[in-house]
Amino acid sequence: MSHKKIYFAGAGGIGMAALERYFLAKGCRVAGYDRTPTDLTRALQDEGVEITFDESVEAIPADFKGCPEEVLVVYTPALPDMHPGLSYFRENGYEVVKRAAVLGNITRDTKGLCFAGTHGKTTTSSMAAHILNTCKVGCNAFLGGILRNYNSNLLLSATSPYSVIEADEYDRSFHHLRPYIAVITATDPDQLDIYGTEEAYLESFAHFTELIKPGGMLVVHEDLKLKPRVPEGVKIYTYSRDKGDFHAENIRRGNGEITFDIVTPSETVRDITLGVPVEINIENAIAAFAACYLTGDIEIDAARDAIASFMGPKRRFEFWLKEPGAEGRAIIDDYAHHPDELRASIMSVKSLYPGRRLTVAFQPHLYSRTRDFAPEFAASLSLADEVILLDIYPAREEPIPGVTSEIIFNDIKCKDKVMIDKQHLTETIKNRNFEILLTVGAGDICNYLPEIVKNVNLR
């Protein structure tokens, strides 16, 4: 892209942040708008992004106005179409594109490893980026979470032919991409406010497989309903924990570690140890390893070291407290916001701490998702010993009549359950003698963790 000025409408989104940092590194002038300040927007401002929290046209930097040939405008679909700044740019002849279109241009010019799926895509893409970086192959990686190994969601390389991209199905954004290697981790129905039906959701993933470049590859989970439609010459590989072209065997658990071997189509790679030792990361590691292995450019020993040193993205099974000893308490935070993700997160904690009492504090994300999956959320939460259920985090949505957290709460089977407003979360936890606490959700529940941990340490 030839533009030297890039304006981001919705500059505080995690995916937008990676592109802002990318263009800063390219020497571009970067500015934008977001609704409210956050730790991320403050970090971006410190790095040189000019962000305003005033949506008026007057707040747009003066030298971004009246020069449509100089400025590229990138927007997130979560922003309303009638946003004043967006309206100004559209009405005055600026090139206005989705974030996904920019990523699509990057995949056209590189060998893109694109990770899609209802869940698992942030961890698998982050792990793949870390593998390529550790193997000295390098990559330009645009990730959906802040990777703790680098304290960033962007990795840069001036020489690598590879890009690693989290392929988001929201608003069909991933249809802008042209993968060299596509990975699909899961296709459990989600985003039904966009797709309407499971059939339409699956069709969207099928179309994604049609976009793989000639000579490319698809790595797909063994147990999906998806029927891929790859172009001629594109090879399909399957994976899962126990079967497929890539799978695990000889799984060993003990002393807080999970170690296993990865079976590939041509060899068995021994003694893979997870840096984040939870069950779901066995499959995540297999998927990430498979994508990197198929490039033909990685060294096995370096890849093994990378998986062992992988710390994970923030908010993906992130420990905030881990007291030593068999009776030590733990606080874990996870981004899970789909019923299957929630179930997997709870089961991972129970596996890690067998026999301990598990308290789950869950914040539902979106009115539409709560409406569509209330029974499934209740079933997953029923696996906990006690549940603290918060009000719904609306994100981009207006309230839906009759849809509140109560439609989940009423069907939760565990006896010890309470429904509260999020402002009472810290006090509620302070007054409970929890053993293992899991905070879960894609909203702002994580903002309460510093105070929760502080109260625990003051006891």
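K5 stands opposite R29 in strand 2. Strands are DSSP runs of E with at least two residues, helices are runs of H or I with at least four, and both are numbered from the N terminus. Strand 1 (residues 5–9) and strand 2 (residues 29–33) run parallel and are joined by five bridges. Two strands count as paired if DSSP finds at least two bridges between them. The model is predicted: local features need pLDDT of at least 70, side-chain atom pairs count only at pLDDT 80 or more, and totals for chains, interfaces and linings use all residues. Residues are numbered from 1 along each chain as its sequence is written, and side-chain values use heavy atoms, with hydrogens and water left out.

An open sheet of five strands has the order 3-2-1-4-5. Its pairing is parallel. Strand 3 (50–52) and strand 5 (95–98) are the edge strands, each pairing on one side only. On average, neighbouring strands of this sheet are turned by 20° against each other, direction ignored. Helix 3 (residues 84–91) lies across strand 1, strand 4 (71–75) and strand 5. Helix 3 runs at about 140° to strand 4. Axes are lines fitted to C-alpha atoms, for helices over the stretch in contact, and angles run from 0 to 180 degrees between N-to-C directions. Contact means heavy atoms within 4.5 Å.

Strand 6 (residues 111–116) is mostly covered, with five of its six residues buried. Buried means under 20% relative accessible area, exposed means over 50%, and partly exposed lies in between (1.4 Å probe, protein chains only). Strand 6 pairs in the parallel sense with strand 9 (residues 162–167) over six bridges. Here F115 stands opposite E166. Strand 6 also pairs in the parallel sense with strand 10 (residues 181–184), over four bridges. C114 has A182 in strand 10 as its bridge partner.

A kink of about 80° lies at F373 in helix 11, shortly before the proline P375. The bend at a residue is the angle between axes fitted to the seven residues ending there and the seven starting there.

Buried residues of helix 10 include P339, L342 and V349. The buried residues of helix 10 pack against helix 8 (280–295), strand 17 (330–334), strand 18, helix 11 and strand 21 (436–440). In helix 11, the buried residues include Y367, F373 and F377. Their cover includes helix 6 (192–195), helix 10 (339–352), strand 18, strand 19 (386–389) and helix 12 (406–409).

T359 is placed in strand 18 (residues 358–362). T359 is buried, with a relative accessible area of 2%. Its side chain makes a polar contact with the side chain of E386 (2.4 Å). A polar contact is a pair of N or O atoms within 3.5 Å; within protein, one must be able to donate a hydrogen and the other to accept it, and residues adjacent in sequence count only if both atoms are side-chain atoms. Leaving aside neighbours within four places in sequence, T359 is in contact with residues including E386, I388 and F434.
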